[in-house]
Amino acid sequence: MRQKLSTLTFIAMTATHATFAQLNLSKMNSIEHQLEDVMEIIDTTFLKTQLKAVELAFEQNPSEINKARKGIIYHETALNLGFLSKTGYKGYAQKSYDILTEMAQNKQTTPELLPFITSYRASAISLVGAETKKLGLLGDAFRLFEIAVKDYADVSYLPEFLRGSVAENLPWIFYKKRRFAKLDMQSIIDKQVKNKEYANDKIMSFVYWAWANQHQGKNDRTLTIKYLDNAISLDPNYTGGRKRAEELKAKLMRD
């Protein structure tokens, strides 16, 4: 399979996407609940167990939602385990991208799944680029993110959250893309202020930590500490950004 995405692929993607105005938000929220346990996993022990469970569930019932769950947990595996192992978890980014690409390009895919599929697909190809050292794939990832943000950011935090998460981990030489680390997290916070149901507590814990991580200067200190406190309070079970928020707050308080 050729990894570099062609112009025709992007044309096809925009042609098959449903816009946010066409989505049933109640159905999209229901789908999110079915995907939550495979999204943004930071506990690697749980991830390894969940990976096996998701693969088995798909073998027993290859439904659309189970296929999406497999594509997403392969992304989480690549992100959290792929770079820590020389062999065992290599290739999961490509597996994730292939599954999510197939779903994104299938006209029969449930429209309410597309905000999740397109966002994780873009992130997956960035992980393929990181694993294979093919920098061109990073440009593909951000072009796919741009489509996802345009189509779905008004109703889903995922396009901006995942784009911002990719951006914050880029080397400084990618400064034009790194700017999204600040812009996207601020955009999510702004939307959350207007609509308290926009993102769940776990995601907002990550978002507040990420915003604070990007604003460590003295001029932002008061708001940064406030957002770190938000990140901590929203994550009582340490499944989101609490641990990193506590560490950053301790560091800033020593400065």
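Author: Two packed helices are described by the angle between their axes and the distance between the axes. An axis here is a line fitted to C-alpha atoms over the stretch in contact, and the angle between N-to-C directions runs from 0 to 180 degrees. The model before us is predicted.

Reader: At roughly what angle do the axes of helix α4 and helix α5 cross?

Author: Helix α4 spans residues 64–82 and helix α5 spans residues 92–104; their axes cross at roughly 150° and come within 8 Å. Angles over 145 degrees count as roughly antiparallel, so α4 is roughly antiparallel to α5. The crossing of these two helices is left-handed.

Reader: Which residues of α4 and α5 make the contact?

Author: From α4 come E64, K67, A68, K70, G71, Y74, H75, T77 and A78, while α5 contributes Y92, A93, K95, S96, I99, L100, E102 and M103. Sorted by class, the contact of α4 with α5 has 8 nonpolar, 4 polar and 5 charged residues.

Reader: How do the axes of α11 and α12 cross?

Author: The axes of helix α11 (residues 201–213) and helix α12 (residues 221–233) cross at roughly 155° and come within 8 Å. Helices α11 and α12 are therefore roughly antiparallel to each other, and their crossing is left-handed.

Reader: Which residues make the contact of α11 with α12, and how do they divide by class?

Author: S205, Y208, W209, W211 and A212 of α11 meet L223, T224, Y227, L228, N230 and A231 of α12. The contact of α11 with α12 comprises 8 nonpolar and 3 polar residues, with no charged residues.

How values were computed
Residues are numbered from 1 along each chain as its sequence is written. This is a predicted model: local features need pLDDT of at least 70, side-chain atom pairs count only at pLDDT 80 or more; totals for chains, interfaces and linings use all residues. Side-chain values use heavy atoms; hydrogens and water are left out. Helices (H or I, at least four residues) and strands (E, at least two) are DSSP runs, numbered from the N terminus. Angles under 35 degrees count as roughly parallel, over 145 as roughly antiparallel, 65 to 115 as roughly perpendicular and the rest as oblique. A crossing is left-handed if the near helix is turned anticlockwise from the far one by less than a right angle, and right-handed if clockwise. Contact means heavy atoms within 4.5 Å. Ala, Val, Leu, Ile, Met, Phe, Trp, Tyr, Cys and Pro count as nonpolar, Asp, Glu, Lys and Arg as charged, and the others, Gly among them, as polar.
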